[in-house]
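Please look at the sequence and the structure shown here before reading on. The paragraphs below lead through them step by step.

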Amino acid sequence: MALDRQLEILAVCGVGMGSSLMLKMTAEDALRSLGVDARVENTDVSTARGMAPDVVIGQGMHTGEIAGLAPVVITISDFLDKEGLEARLRERLAEQGWLS
Amino acid sequence: MTVTVAADGVAAAGWREAVREAASALVGAGAAGEGYPDACVRVVEENGPYIVLAKGLALVHARPEEGGLAVRVGVTRLAAPVEFGHPDNDPVDLLLSFCTPDPGVHVGTLAALARALSAGLADRLRAAPDREGLARALKEALPDG
């Protein structure tokens with residue numbers, strides 16, 4: 001059963017404005033391909049601690065610090081790999097029943 | 001709109017020097033203040049080598065308040081690659097650097113850069129024969145470049 005609202009997704013990095021913005025663009029492309037209705041925001045790790053998204057995406061050095069922040073935490077190494085992120089999102093969102 | 005700077009064959013003994021060189025290009029172009037290169041190094045010291053976004057490619061940047069004066073993007077190609085200590089993407093031979101005076105005004109520029117990188121910009125930069133080729137490839141990737 002799909003979520004009856006827009007999915008809240010957070011792309012994180014250290015500074016919260018350059019790398020994470022690139023990751024947000026990659027995630028938006030991947031979500032569009034998956035046909036998922038989602039809002040993607042980007043921020044730094046410290047700010048992320050005060051947020052409650054459905055999905056967090058970032059490099060392992062950051063997602064390790066914020067594990068537990070969201071039901072789904074996706075660790076990636078390539079910020080620009082749309083196909084790789086799309087595959088991970090498909091798998092993890094399906095587990096949650098968020099992909100129709 | 002987005003002015004670019006390019007440097008080729010830059011010698012760097014390690015990642016700190018590489019980051020400083022890449023950020024200094026922005027200072028030299030008048031787009032960032034004197035403290036920006038050190039701020040870019042501190043980003044990695046404090047947060048880890050996450051700025052290595054993809055294989056061999058780093059995006060050197062810091063917060064606008066660390067000295068961003070204008071939106072600008074630079075590319076620096078190293079004479080020899082350096083290790084950042086990244087678990088997957090080392091060693092780094094290409095550094096993109098960017099600065100912005102404001103957290104909002106650079107969004108279009110970075111979005112264009114992200115799209116261009118997904119479409120193979122890093123390979124085009126690596127194939128560029130010289131500094132002019134690097135500058136041209138980067139310019140083509142950015143809006144109104």
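The model is a predicted one.

Now turn to the helices. Two packed helices are described by the angle between their axes and the distance between the axes. In chain A, helix H1 (residues 19-34) packs with helix H4 (residues 82-95) at an angle of about 60°, and the axes are 9 Å apart. Angles under 35 degrees count as roughly parallel and 65 to 115 as roughly perpendicular, so H1(A) is oblique to H4(A). The crossing of H1(A) past H4(A) is right-handed. On the H1(A) side, the residues in contact are A:Leu23, A:Thr26, A:Ala27, A:Asp29, A:Ala30, A:Leu31, A:Ser33 and A:Leu34. On the H4(A) side they are A:Lys82, A:Leu85, A:Glu86, A:Leu89, A:Arg90 and A:Leu93. Sorted by class, the contact of H1(A) with H4(A) has eight nonpolar, two polar and four charged residues.

Chain B has a helix pair of its own. Helix H1 (residues 15-28) of chain B and helix H2 (residues 36-47) of chain B have axes 8 Å apart and pack at an angle of about 140°. Only angles over 145 count as roughly antiparallel, so H1(B) is oblique to H2(B). H1(B) and H2(B) cross in a right-handed way. H1(B) brings residues including B:Trp15, B:Arg16, B:Val19 and B:Arg20 to the contact, and among those it meets in H2(B) are B:Tyr36, B:Pro37, B:Asp38 and B:Cys40. In total, the contact of H1(B) with H2(B) has ten nonpolar, one polar and four charged residues.

Chain B also holds a detail of the backbone. Most peptide bonds are trans. The bond that joins B:Asp90 and B:Pro91 is cis, with omega about -10°. B:Pro91 lies in the loop between strand S4 (72-82) and strand S5 (92-99) of chain B.

Finally, consider how the chains meet. How many residues does the contact take from chain A and from chain B? The numbers are 17 residues from chain A and 30 residues from chain B. Between them the two chains bury about 1900 Å², with 69% of it on carbon and sulfur atoms. In chain A, the residues that lose the most area to chain B are A:Val15, A:Met17 and A:Met22, together 32% of what that side buries.

A:Met22 also takes part in a helix contact between the chains. The axes of H1(A) and helix H3 (residues 107-118) of chain B come within 9 Å and cross at roughly 60°. H1(A) and H3(B) are therefore oblique to each other, and their crossing is right-handed. Here A:Leu21, A:Met22 and A:Met25 of H1(A) meet B:Val107, B:Leu110, B:Ala111, B:Leu113, B:Ala114 and B:Leu117 of H3(B). The residues of this contact of H1(A) with H3(B) divide into nine nonpolar, no polar and no charged.

Notes. Residues are numbered from 1 along each chain as its sequence is written. Chains are lettered from A and ligands numbered from 1 in the order in which they are written. This is a predicted model: local features need pLDDT of at least 70, side-chain atom pairs count only at pLDDT 80 or more; totals for chains, interfaces and linings use all residues. Side-chain values use heavy atoms; hydrogens and water are left out. Axes are lines fitted to C-alpha atoms, for helices over the stretch in contact, and angles run from 0 to 180 degrees between N-to-C directions. Helices (H or I, at least four residues) and strands (E, at least two) are DSSP runs, numbered from the N terminus. A crossing is left-handed if the near helix is turned anticlockwise from the far one by less than a right angle, and right-handed if clockwise. Contact means heavy atoms within 4.5 Å. Ala, Val, Leu, Ile, Met, Phe, Trp, Tyr, Cys and Pro count as nonpolar, Asp, Glu, Lys and Arg as charged, and the others, Gly among them, as polar. Buried area is the accessible area (1.4 Å probe) that two parts lose on being put together, summed over both.
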